[in-house]
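Please look over the sequence and the structure shown here before reading on.

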Amino acid sequence: MRKKIKSSNLKGRKNGLKSWYGPKSKKNTLSKFKDGDRWNNTQEKVRYYTWRSVVFELNKRKKGLSKFYVCEKCGKKRKTTRVLHAHHIKSWDKFPKDRYDRNNGVVLCKYCHDQFHNKYKKEALIKPELLWEYLKKQK
């Protein structure tokens with residue numbers, strides 16, 4: 001059962017009933033992918049999360065001396081993967097055979113990942129070498 005929140009804490013919300021995690025709905029409004037965009041079935045989702053964890057573990061062993069996860073661009077070290085992203089070198093859509101290849105991933109912090117996509121936009125989807133160009137530039 002949800003707790004009733006004081007109207008002074010609602011900041012413009014009409015209803016006094018509010019969950020801590022936002023409105024109750026079947027669809028997650030924070031997701032950047034539409035339903036069915038990424039995974040066709042549960043097995044695909046499991047394969048993706050396995051790929052992601054393998055990419056992080058490889059990064060931890062190579063760059064973080066088995067203690068930290070490290071951003072490949074700026075060198076930011078973290079003990080958790082919360083602010084780090086596993087990025088596909090070869091695009092998910094354009095290179096389906098390489099989707100789950102453990103060598104097809106690098107770890108970037110959220111800031112560097114956003115900078116990469118803002119700089120190269122759609123061009124990065126068809127040219128995987130742009131990632132290496134981005135990583136080689138001055139940190």
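## How two helices pack

At what angle do helix α2 and helix α4 pack, and how far apart are their axes? In this predicted model, helix α2, which covers residues 110-120, and helix α4, which covers residues 129-136, pack at an angle of about 120°, and their axes are 11 Å apart. Since angles of 65 to 115 degrees would count as roughly perpendicular and those over 145 as roughly antiparallel, α2 and α4 are therefore oblique to each other. The crossing in which α2 passes α4 is right-handed.

The residues that meet here are Cys112, Gln115, Phe116 and Tyr120 on the side of α2, and Leu130, Leu131, Glu133 and Tyr134 on the side of α4. Sorted by class, this contact of α2 with α4 is made up of six nonpolar residues, one polar residue and one charged residue.

## The buried face of α2

Which residues of α2 are buried? They are Cys112, His113, Phe116 and Tyr120, and, seen down the axis of α2, these buried residues fall within an arc of 105°, so they line one face of the helix. The elements that cover the buried residues of α2 include β3 (84-88), β4 (105-109), α3 (123-126) and α4. Lys121 follows α2 and has a positive phi, near 50°.

His113, which lies in helix α2, has a relative accessible area of 10%, and is buried because this value is under the 20% cut-off. When residues up to four places away in sequence are not counted, His113 touches His85, His87 and Leu108.

## The buried face of α4

In α4, the buried residues are Leu130, Leu131, Tyr134 and Leu135. Viewed down the axis of α4, its buried residues fall within an arc of 140°, so they line one face of the helix. Among the elements that cover the buried residues of α4 are β3, β4, α2 and α3.

Is Asn59 buried or exposed? Asn59 is found in helix α1, which covers residues 42-62, and Asn59 is buried, with a relative accessible area of 4%. Along the sequence Asn59 and Val70 are 11 residues apart, while in space they are 6.8 Å apart, C-alpha to C-alpha.

Asn103, by contrast, is found in the loop between β3 and β4, and is exposed because its relative accessible area of 55% is over the 50% cut-off. Asn103 and Ile89 are 14 residues apart along the chain, and their C-alpha atoms are separated by 8.5 Å.

## The chain as a whole

The protein chain has four helices and four strands, which follow the pattern α-β-β-β-β-α-α-α when read along the sequence. Of its 139 residues, 30% count as buried, and these include the residues named above for α2 and for α4.

How values were computed: Residues are numbered from 1 along each chain as its sequence is written. This is a predicted model: local features need pLDDT of at least 70, side-chain atom pairs count only at pLDDT 80 or more; totals for chains, interfaces and linings use all residues. Side-chain values use heavy atoms; hydrogens and water are left out. Axes are lines fitted to C-alpha atoms, for helices over the stretch in contact, and angles run from 0 to 180 degrees between N-to-C directions. Angles under 35 degrees count as roughly parallel, over 145 as roughly antiparallel, 65 to 115 as roughly perpendicular and the rest as oblique. A crossing is left-handed if the near helix is turned anticlockwise from the far one by less than a right angle, and right-handed if clockwise. Contact means heavy atoms within 4.5 Å. Ala, Val, Leu, Ile, Met, Phe, Trp, Tyr, Cys and Pro count as nonpolar, Asp, Glu, Lys and Arg as charged, and the others, Gly among them, as polar. Buried means under 20% relative accessible area, exposed over 50%, partly exposed in between (1.4 Å probe, protein chains only). The arc is that of the directions from the helix axis to the C-beta atoms.
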